[in-house]
Amino acid sequence: MQDLVSVVTLGSVYLLFALGMSLTWGTIDILNFAHGSIFMFSAFSASLVLERTTLGLLPVLLIGAAVGALMSLLIQVVAFEQIIKRARDRRTAEMQILIGGIGVAIIPLAIAQHHTQSNPFGLSASSFSVESISLGGLRITNVAALTVLLAVALWAAAALWLRRSRQGLALRSIGVDAQTAALMGVDRRRLALVTMAVAGATAGLSGILFTFSLGAMTPESGDTLLVKAFACIVLGGVGSMLGVAFGAYALAAAEVLILTQTNGSWVEAVSFGLIFLVLLVRPAGVFGRKEVRRT
Amino acid sequence: MSTAAAHTDRVDAPGAAPVLELRDVAVHFGGVKAVDGVTLTLEPGRIHGIIGPNGSGKSTLIAAITRLTRLTRGELLLDGKPIDDVAPSRLAGLGVARTFQTVRLLPDLTVRANVQIGADARAAAAGQRRTRRGWRDRLRGGGTSPAVVEAMRRTRLEGFEDFYPAEMSYGTQRRVEIARAIAMQPRLLLLDEPTAGMNQTERAEISALLQSMRSAGLCQLLVEHDVQMMIDTCDHVFAMNSGRLIAEGAPREVVQDPRVQEAYLGRRWREHARGQ
Amino acid sequence: MSGFLSTNLVLVQSTLSGLLLALSIQVPLRMGVFSFAGAGSYGIGAYGAGILVLRYEYGALPAIALTVVATAVVGLLLGLLINRLAGLYLAMATVAFDLIISVVAINGGELTGASTGLYGIIADFTTAQMVVLTLVALALVALSERGRLGRRVETVREDPELAASMGISVRRYRLAAFVASGALGGLAGAMNVLVRSTVGPLDIGFGLIVLALTMIVVGGSRSWVGAVIGAVIFTWLPDLLAVIGEWQELVYGVIVAVAAIYLPRGIHGVLADGVRWVQRKRRDRRAAAAGVVEEDEDGGVRPPEGEDLTGEGGVPLPARAGPDPAHALDQLAARPQAGS
């Protein structure tokens, strides 16, 4: 039973992180490889603020979300919009965005590594303290409970939001160009900026929660999560909100299973193996719609 | 032996065996019958045309012949041999060349190199058959092969050799496309709207070019929207509507066929015209 | 020269293995195959050669030969497996492949030295041999950019459908890309482990992919020249940037980001554009000297021509009036050309 709690907690961490990536990839065709960097740097920024003042949980979360949203917007304007403007077609744009994201991600990583000398940093200076609570015989930390609540709430909100702005989605999926879409009253640029900001904010939130629950984060933490989030998304199916939730909890379940059955060193292979297997066996993912997947 | 001579020794006698035969060819996409039971024959030394309104199945038919689309039913015979399960990439070696609806030149190669790709295809096919010519071409490597010089002469591209596609007008780029196909020294040339976006003068140029290649014995299949151009260029026209052949024969007769006029213009217009 | 070599031996060796690693990702990229499998092959190559020398007492060259063959075969098998994937999906599947290799290395127990890796891999491998092997591999890659093969590779990348209509088996080229990538990555890893005498799981992780990618992004993805530029810059830059001191990581990041966004074809792309510009100027000057070049309405330049192609005064559709167009065309063509 306690394992189930682990699955739900870990799955919620993955969901919260993968949510933003899934959102941008599924709607505006941006697979943002700087997402891990945003995640890390939001928590890092919060730790810098906490060096000067003592804050409670809510302000720290807000700082994380704000830094994440700002970084995401900045990257969209400075990098991705420029790449899309210059790219010959969508296929090259996709690749350039992947590479550009990896390139941009180096900068916040370098700043954080420089400041921390690549040592782990934490948020222990916050007035908020992690405590274990007991729910019907099951132990769960207050941070883990908050992570689960936030992940599910934000996921539901994002799914609703996507359904409401369906017109923009429909336009995108039939490949209408920006000009035509603008004529039809859809401001694609604004839609993209909003999506990126929301994605960045969730990355920031998950960075804060992740740091609280593990006690510390290293500047490199984002990279591994990035690949795991990708596994969640392809497992569920690109563009499917139900899919990313399924992917996150399924990956968590598989990892917890491996962790309890073996000595644990194979855990990392689960997500990588899953990516491989899903792409080979069911490339559209479990909940994927066929038309969303392009080769 | 010049390449011009190589061209002429491919001339087949009139009434010779057909180059391409389609027997009851059908291509269905789910419930949509894009092509539905087309039987036709293409002969050497003639320019064949396909006309028909948008969505009548012309492009799907080309895709079926070039093996980019799987047949739902029917047979494709090239020189009497079935090609239903031949890979698309092997068709070039069998003497089938094509141009595309849109200009598809490689932006980072010069005109000469772009046309050379066609000659490469020919040389590669010859090399597989281990002819002396294939080895000679291979040894020559980067040089311009005679087929390229000949193709550029025919398409009037001399002087453009070192230009890049982006530096040329649209009509000239289309000529490069055709030159690339000619450099393959094909037996069958499929032209998918070669004059789309061209002005009258450029169209006349292309028409003249196709006719000069007919006199060299090449079998051609032309898809075009410009009916006047088809009348002026083709020897034999097939009219399609809703995936079926509705008429074929001499261009003027086909164009005047009531079924064809109806397909293009609709029944009411035709009745209206008759009433006047 | 020999003084330079001995003081900078480590950097020279790193440049060579970095170059081959960059090529192992650039070669598939040049064929439109977005595969990072080269980094995984590097891992297999490094561990493979290390294990052969350390545990089975192979000589350096036999160990290298065996691992290169093995990584080429692994590349082929991987290619057969994931050939039908494209774009981002292929990219991520190969990233997963690379990371699985590093997890296997950690879990290899005695054989791979687990999380500490392999130490003390001493073999009879000289820098001269490394230089020769690298040059041979580089020459083979350079050959694939020339002549018929070069044009065909270009076609496969830019337009697979066009390639098929030009008699090119796209599938075969893509598989060849996987094999070449495997062999190059394997060679890079094997040679590097033999000159470094050590390899660990951290050497073959996600960072290796980023390193190879940055070399290509900054150097240029279209030519071996780009890989050379990238390998030289990113091996020597940290030393040069020591002047900037503590902020070198940041400068490094900014360079990569700027190149990725604004120079999609890298430094080599800029150089190639420059060369093309000079060629064009020279060509236009020659034509201008001949005095017959005119501008099209749309800005395109027309070469010298005898007269209007349609024959006499531009008859709209030649079949309806005027001389036999085919005849006219041949006559025109037979006329000697001015200026060419």
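**Figure 1. Contacts of Leu208(C) in the predicted model.** Apart from neighbours within four places in sequence, Leu208(C) is in contact with Ala39(C) and Tyr42(C). The model shown here and in the other views is predicted. Leu208(C) belongs to helix 10 of chain C, which covers residues 206–219. Between Leu208(C) and Gly40(C) the C-alpha to C-alpha distance is 9.0 Å, although 168 residues separate the two in sequence.

**Figure 2. Burial of Leu208(C).** Leu208(C) has 23 C-beta neighbours inside 10 Å and therefore counts as buried, the cut-off being 20 or more. In chain C, 50% of the 340 residues count as buried.

Figure 3. Of the contacts in chain C between residues at least 6 apart in sequence, 75% join residues that are at least 24 apart.

**Figure 4. Where chain A touches chain C.** Contacts between the two chains involve 36 residues of chain A and 35 residues of chain C. On the side of chain A that touches chain C, two or more residues each come from helix 3 (57–86), helix 4 (90–116), helix 9 (221–236) and helix 11 (267–281) of chain A. Helix 4 of chain A supplies the largest share of this side, 16 residues.

**Figure 5. Residue classes on the side of chain A that touches chain C.** This side of chain A is made up of 22 nonpolar, 9 polar and 5 charged residues.

Key: Residues are numbered from 1 along each chain as its sequence is written. Chains are lettered from A and ligands numbered from 1 in the order in which they are written. This is a predicted model: local features need pLDDT of at least 70, side-chain atom pairs count only at pLDDT 80 or more; totals for chains, interfaces and linings use all residues. Helices (H or I, at least four residues) and strands (E, at least two) are DSSP runs, numbered from the N terminus. A residue is buried if 20 or more other C-beta atoms lie within 10 Å of its own, exposed if 12 or fewer, and partly exposed in between; C-beta atoms are placed from the backbone. Two residues are in contact if their C-beta atoms, placed from the backbone, lie within 7 Å. Ala, Val, Leu, Ile, Met, Phe, Trp, Tyr, Cys and Pro count as nonpolar, Asp, Glu, Lys and Arg as charged, and the others, Gly among them, as polar.
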